Structure formats: C-alpha cells, structure tokens
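Subject: Handover of a structure and the findings on it

Dear colleague,

Please find below the structure that I am handing over to you. My notes on what was found in it follow directly after.

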Amino acid sequence: MKESFRHFEHKKVDLIGLGNAIVDIIVNIADEFLEINNLDKGSMNLINSDESQRLLENCKVIKQISGGSSANTVVSLAELGNHVQFIGRVKNDQFGNFFSDDIKKSKTIFNTLPTIEGAPTAHSIILVTPDAQRTMCTYLGASVEFEPKDIDFTVIKESKYLYLEGYLWDSELAKKAFIKAAQIAKQSNTKIILSLSDSFCVDRHRESFLELIYEYVDIVFCNESEVLSLFKNDKLSSCQEDLSSLCELVIVTLGSNGSLIVNKNNVEIIESITKGKIIDTTGAGDIYAGGFIHGLINNCSLKKCGEIASICAGQIITQLGSRSDIDLKELIKYI
C-alpha cells in the first residue's frame with residue numbers, strides 16, 4: 001500500500017471531507033418514547049421541521065455537537081493531530097452558528113460561508129435508549145441544498161484524501177457536487193474515500209454507487225448490512241470475491257465482531273476493542289474511519305490502521321456522543 005501513496009509528499013492538506021453539516025442533539029429516552037412516536041429502534045428517520053419541534057418538546061436534551069457522518073470522521077482526524085478540512089452547507093441561523101463554532105474547536109478547518117437564504121441548518125435528534133441503541137430523527141434542511149458552488153475545488157487538489165459520505169447521494173444537487181469533487185480529486189492524484197453511510201441509502205442508490213466506486217473510489221468504508229445490500233446477498237462470506245474486486249481497499253466493520261480489511265485478495269481480521277461499558281454507539285463507524293485513515297496518513301501497516309481504528313471506536317461507544325471525552329492521541333500512543 002505504501003508505494004501508491006508516495007505522490008502525497010507535496011500535498012499540504014491531509015484530508016478534506018464533504019458531507020451533511022448536521023447539529024446532533026442527543027437525548028436519553030425510555031423505550032416507551034419510541035412506541036408513542038411510532039419509531040423503530042435503531043432506525044434513521046427523515047422528519048420535517050414541525051416533527052422535530054414536537055419531538056424536542058417531549059424530551060430533555062443532554063448534549064449538542066456539530067455532527068454528520070463525514071464531519072465526525074474529519075473531527076476525529078483533527079483530534080489525532082492531522083491537518084484536515086470539512087465542507088458542508090449551513091444557514092446563518094442558531095444551529096448554523098453553533099455548528100461552525102463547535103467544529104472549529106477541534107482545529108478542523110471550516111471555511112464554508114453560511115447561506116442567508118434557503119432551508120435552516122440541518123439537525124438530528126439522536127434518541128438513546130437504556131440498551132445504548134440510538135434511533136435518529138433527522139431534519140436535513142440546508143444540507144440537501146448542498147451544491148457545487150458551496151465547494152472551493154482548488155483545495156481538493158492540495159489534499160491527500162477526499163472523504164465522501166453516501167448520505168449526500170440522496171440530493172441531486174449534492175450528487176453533482178460530489179461527482180465534480182471526485183473528478184478533480186482523480187485528476188489531482190488525491191485518493192478518494194467513500195463511506196456507504198447506511199444500508200437503506202445503499203438500497204436506494206445501489207447501481208449508481210457501484211458505478212461511482214468503479215470509476216473513482218480508492219477506499220470504501222462500510223458495515224456488514226451495507227455490504228449485503230450493495231451485493232444483494234444475505235451472507236458476508238459469499239461477498240468475498242465482490243469485495244476483493246470492488247476497489248483498492250475495502251474496510252468492513254462488524255460491530256462487536258471486529259472488522260475486516262480487504263486489500264484485493266488479502267483479508268486482515270481486526271478484533272474489536274471495547275474500553276468499558278457500552279453507553280452510546282453514535283458515530284462509532286465514523287470514528288473507526290477516522291482512526292484508520294490516521295494510520296494511512298502516517299504510513300502505518302494496514303493491520304496497525306485497523307488496530308488504531310478499533311481502539312478509537314471502542315472508546316467512543318463508552319460515552320455519550322461522537323466526540324471523545326479523552327485525548328485520542330494519548331489513547332493510541334502505545335500501539
């Protein structure tokens with residue numbers, strides 16, 4: 001793997017992430033709350049502004065964080081000491097100002113100017129039940145209006161990696177921005193990473209995701225259910241050949257069963273590492289990706305990349321929210 005990353009020496013930025021700029025609103029609830037509101041545990045639900053207001057009126061907010069899948073990964077990379085930037089659309093409103101201020105605290109570069117028109121800033125109500133499962137109710141707002149003019153394409157040329165989240169594929173405008181960014185990255189020898197985001201997202205866009213991956217993507221992050229959806233299969237063991245030929249590197253997270261690193265015909269098994277009682281699984285996959293990419297940026301072996309990722313993810317599930325309460329650099333110091 002190291003040979004293919006030598007062209008990075010002149011690049012000024014380690015990674016640029018494109019994604020939905022969402023304020024995560026974390027609340028603790030009882031299982032009954034889900035039943036009353038007709039919500040399936042563990043699901044991701046798209047809601048409108050009125051539904052968001054109604055849900056928030058009936059539960060107590062524990063924590064607010066600048067979130068979104070790609071943003072979580074980018075922030076974890078910043079906290080590990082990498083030079084990274086996030087690009088996402090926010091409005092000049094309360095949530096937009098919070099998002100901008102909060103993400104910059106991690107030393108993530110966020111230069112996207114807030115819009116003064118269009119939908120309000122996106123936010124996601126994350127309902128955490130006593131068993132640590134999270135059910136998300138997301139108002140996508142401004143994020144679905146993300147478009148090519150929201151991106152400074154010149155900075156992509158200066159980055160080692162471009163990180164894209166699959167959720168953006170749900171919007172035609174964002175899709176155009178996504179593809180233009182991928183084209184520029186490919187021309188600039190910037191490695192392209194795609195996170196598949198969600199099995200339902202894969203169901204909606206299977207063929208175009210496969211087309212995108214074959215044409216542009218170097219590295220894919222996904223979980224088991226996303227793999228099964230992508231290849232229309234019901235067994236992970238039956239997907240080995242498809243995974244090997246998908247792209248240069250595929251990382252499959254398996255929850256408590258660890259993860260698989262598929263580099264062509266070589267498969268590395270990484271054990272899960274839990275640092276205590278599981279409290280909230282929000283952002284675990286995003287932080288796993290951040291830990292793994294940190295290893296790649298620092299020319300670690302694939303096995304070590306997986307171990308760093310597993311340790312970071314194992315820490316994040318022992319606390320509320322997708323921002324580590326402890327120093328991630330200290331956490332991985334002795335790997």
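In these notes, two residues are in contact when heavy atoms of theirs lie within 4.5 Å. Please keep in mind throughout that this is a predicted model.

I begin with the interior. In soluble globular proteins, nonpolar side chains tend to be buried together. The largest nonpolar core here has 48 residues, and those touching the most other members are Leu-18, Ile-156, Leu-194, Leu-196, Val-220, Leu-243 and Val-250. If neighbours within four places in sequence are set aside, Leu-194 is in contact with residues including Leu-164, Phe-178, Phe-209, Leu-212, Ile-219 and Val-220. Glu-165 and Gly-166 are also among the contacts of Leu-194. Another core, of 46 residues, lies apart from the largest one and includes Leu-296, Cys-300, Leu-302 and Ile-308.

Next come the aromatic residues. A pair of aromatic rings is described by the distance of the centres and the angle of the planes. The count of aromatic pairs comes to seven. The ring centres of Trp-169 and Phe-178 are 4.8 Å apart with the planes at 70°, so this pair is edge-to-face. Trp-169 and Phe-178 are both buried. Elsewhere, one aromatic cluster is formed by Phe-86, Phe-99 and Phe-110.

An open sheet of mixed pairing is formed by five strands, in the order β3-β7-β6-β2-β4. From one strand to the next, the twist averages 20°. Strand β2 (residues 22-28) runs antiparallel to β4 and is joined to it by six bridges. Within this pairing, Ile-26 of the chain stands opposite Lys-63 in β4.

Two helices accompany these strands. Helix α2 (residues 49-57) packs on the sheet, where it touches β2, β4, β6 (122-128) and β7 (134-139), and its direction makes about 40° with that of β6. Helix α4 (residues 94-104) lies across β2, β4 and β6, and runs at about 70° to β4.

How many disulfides does a search of the whole structure find? The search finds zero. For Cys-137, the closest cysteine sulfur is in Cys-59, 9.1 Å away, which is too far for a bond. Cys-137 is buried, with a relative accessible area of 1%. Cys-305 is likewise in no disulfide, the nearest cysteine sulfur being that of Cys-300 at 5.3 Å. Cys-305 counts as buried, at 0% relative accessibility.

- Lys-107, in the loop between α4 and β6, has a positive phi of about 75° although it is not a glycine. Its relative accessible area is 72%, so Lys-107 is exposed.
- Asn-299, in the loop between α10 and α11 (302-316), has a positive phi of about 55°, and it is not a glycine either. Asn-299 is partly exposed, with a relative accessible area of 42%.
- Ile-279 is placed in the loop between β13 (266-270) and α10 (284-297). With a relative accessible area of 38%, Ile-279 is partly exposed. Its C-alpha atom is separated by 36 Å from that of Glu-147, which is 132 residues away along the chain.

With kind regards

Methods
Residues numbered from 1 in each chain as written. Predicted model: local features only at pLDDT ≥ 70, side-chain atom pairs only at ≥ 80, totals over all residues. Heavy atoms only, no water. Core = buried A, V, L, I, M, F, W, Y, C linked by side-chain atoms within 4.5 Å. Buried < 20%, exposed > 50% of the residue type's maximum accessible area, 1.4 Å probe, protein only. Phe/Tyr/Trp six-rings, centres within 6.5 Å; stacked < 30°, edge-to-face > 60°. Helix = DSSP H or I, 4+ residues; strand = E, 2+ residues; numbered from the N terminus. Pairing = 2+ DSSP bridges. Axes fitted to C-alpha atoms, helices over the stretch in contact; angles between N-to-C directions. Disulfide = S-S within 2.5 Å.
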